[in-house]
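New notebook page, new structure. I want to jot down what I look up as I go.

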Amino acid sequence: MTINNTLEAVRIYHHLTILAFSIFPYSYHQLTLSGCILFLSIPTYNLLYYTDNKYEDRRGSYNNNNRYNKPNGGFSMEDVVDRLCSPRANVFEELDRARQSSPESFTSGRTVTAILSQLGRRRQMSVAMQVWRWMESAQGITRNVYHYNALINVCEKIRDWKMALDLMRQMDDERIPKNEITYSSAISACEKGGNWRTALDLLKTMKDKGIMPTAIAYNAAISACEKGLNPSKALEIFDEMKREGVRPTVVTFSALISACEKGQQWKLALQVLEEMKATFGPNVIAYSAAISALSKGQQWEKAWELFCEIEQSGEKLSVVTYNATMTALEKGLQWERALDLFDEMKYKNMAVTVVSYGSAISACEKGYQWRQCLEYLDEMTERKISKNVIIFGAAMSCMEKSHRADIAFQLMERMKLERVRPNVHIYNSVISACARCKLWKKGFELFKEMDEVGVKRDVVTYNAVLGKFFGQCNIIKR
């Protein structure tokens, strides 16, 4: 393909992208314009800029002294958004200059929609609101449903469901009709903000208004139920979706399986997985969620079967898949298999996370592998992976069960150096380690220290101290 043909193809793609933004103000990866998605990664995007009616090749015409000085009054959309996001930007002045270079594109509203969409991808809510206020003061620009959709989409990106609802009320005040994208974006904002009840209310409202929800809206509602730990409601929405003739997607099934996992419904998760496989075949995200559900249900054998099945399918396994399987294995006391998987992750140069190390250290605890546990802690330091209280908690438990109170004391000092505040579980493990090693005075000192550092004791704390104390008294009496 010649350079001219390539540029022509990219010009056509970006014409369609701007059109899509005016209708669907979502991010690039959500656009599925037939065939044109192939050009997403072509670097010639930066060689093009927007004019009133077309894109022009900007090579040879770029002037650093005046970045708005383009042939035919064009401007670079990317440059405009970059300027708007700079710390000292005067948003009103930048938009005024851009509008002067291409009045028609601003008057039609397409450019503002595209700017808001790009700000959404960058999660620049404060800048987006300044653009919104500029629109209020600018002459000849009327806000429409596409502008509102783009701004609600920004709210979804930053999980601000309250702002999304405020914008929907503004649409009512300005008598701007909502469409399916309006509701879908708002439902997604509620889902990400953890407000599942409002998400379901919006789903019902859009149907009452005669707006048929698509898979995107249903998926967001199911995900909202997942975050609200309500698998039964998620299943109701799934059944309703099928009754309405809306075809579930892989995202639908994955969200539903995750809802089952959060609700401790591993049997239901497997049923949903089987239904998904019949339609779409194996999917690593859905399998990972199902393995996690089995882990919570203490079903390590079935979790291992799913791991082997997805591995043999040829799907590329993710870190999440490995983490979920390792957790299932260590909970099932299959600590050696769990550590083998962890070694496999590192051999494959996968990006191991704090969750990966947490599962590995918990496996060490099950197998009393205190030396290996310490090695993993050192590895985390080398890899610059921050340790949290969960990591130290698993390590303390390992030292307790391995009768290594001396190392438990060292880990307490290490927590102070790494500024990780011990919780009640940490203290319980160290006190229990003292009991196992017959260091009753040190254990009682830690018991008193909990008051000093403001850690509230629980039943386990008192049981550990009382059992140790009375045991010591019996020794003295004898």
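These are my entries, going from the whole protein down to single residues.

**Entry 1: the whole thing**

First, a reminder to myself that this is a predicted model. I looked up the secondary structure and found 25 helices and 2 strands. The protein has 478 residues, and 51% of them are buried. Next I checked the contacts between residues at least 6 apart in sequence, and 62% of these join residues at least 24 apart. For the accessible surface I got about 23600 Å², with carbon and sulfur atoms holding 51% of that.

**Entry 2: the nonpolar core**

How many residues are in the largest nonpolar core? I read off 136 residues, and the ones that touch the most other members are Ile115, Val131, Leu151 and Ile187. As a general note, nonpolar side chains in soluble globular proteins tend to be buried together.

I picked Ile187 from that group and listed its partners, skipping residues up to four places away in sequence. Isoleucine 187 touches Ala199, Leu202, Leu203 and Met206, and also Ala217, Ala220 and Ala221.

**Entry 3: methionine 171**

Buried or exposed, I wondered about methionine 171? Its relative accessibility is 0%, so methionine 171 counts as buried, the cut-off being under 20%. I found methionine 171 in helix H8, which runs over residues 161-173.

Then I looked at what surrounds it. Leaving out residues up to four places away in sequence, methionine 171 touches Val145, Tyr148, Ile152, Ile176, Pro177, Lys178 and Thr182. I also checked asparagine 144: 27 residues separate it from methionine 171 in sequence, and the C-alpha to C-alpha distance is 8.7 Å.

**Entry 4: lysine 302**

Lysine 302 sits in helix H16, residues 300-312. With a relative accessible area of 34%, lysine 302 is partly exposed, because that label covers values between 20% and 50%. Which residues does lysine 302 touch, not counting residues up to four places away in sequence? I noted Trp266, Leu270 and Leu294. Leucine 270 is 32 residues from lysine 302 along the chain, and their C-alpha atoms are separated by 9.7 Å.

**Entry 5: the second largest pocket**

I turned to the second largest pocket and got about 270 Å³ of space for it. Its lining has 16 residues, and Ser362, Val389, Ile390, Ile391 and Ala394 lie nearest the centre. Which elements give two or more residues to this lining? I wrote down four helices: H17 (319-331), H19 (354-366), H21 (389-401) and H23 (424-436). Sorted by type, the lining residues come out as 7 nonpolar, 8 polar and 1 charged.

Background before I start: most residues other than glycine have a negative phi.

Leucine 333 is not a glycine, yet its phi is positive, at about 65 degrees. I placed leucine 333 in the loop between H17 and helix H18 (335-347). Its relative accessibility is 57%, so leucine 333 counts as exposed, the cut-off being over 50%.

Lysine 384 also turned up with a positive phi, near 60 degrees, and is a residue other than glycine. Where does lysine 384 lie? I found it in the loop between helix H20 (370-383) and H21. At 77% relative accessibility, lysine 384 counts as exposed.

Terms used: Residues numbered from 1 in each chain as written. Predicted model: local features only at pLDDT ≥ 70, side-chain atom pairs only at ≥ 80, totals over all residues. Heavy atoms only, no water. Buried < 20%, exposed > 50% of the residue type's maximum accessible area, 1.4 Å probe, protein only. Contact = heavy atoms within 4.5 Å. Areas by Shrake-Rupley, 256 points an atom, 1.4 Å probe, with all protein chains shown as cover. 1 Å grid on protein atoms, 1.4 Å probe; cavity = no way out; pocket = protein on both sides within 12 Å on 5 of 7 lines; lining within 4 Å. Points joined across faces, edges and corners; volume = space filled by probe spheres on them. Nonpolar A, V, L, I, M, F, W, Y, C, P; charged D, E, K, R; others polar. Core = buried A, V, L, I, M, F, W, Y, C linked by side-chain atoms within 4.5 Å.
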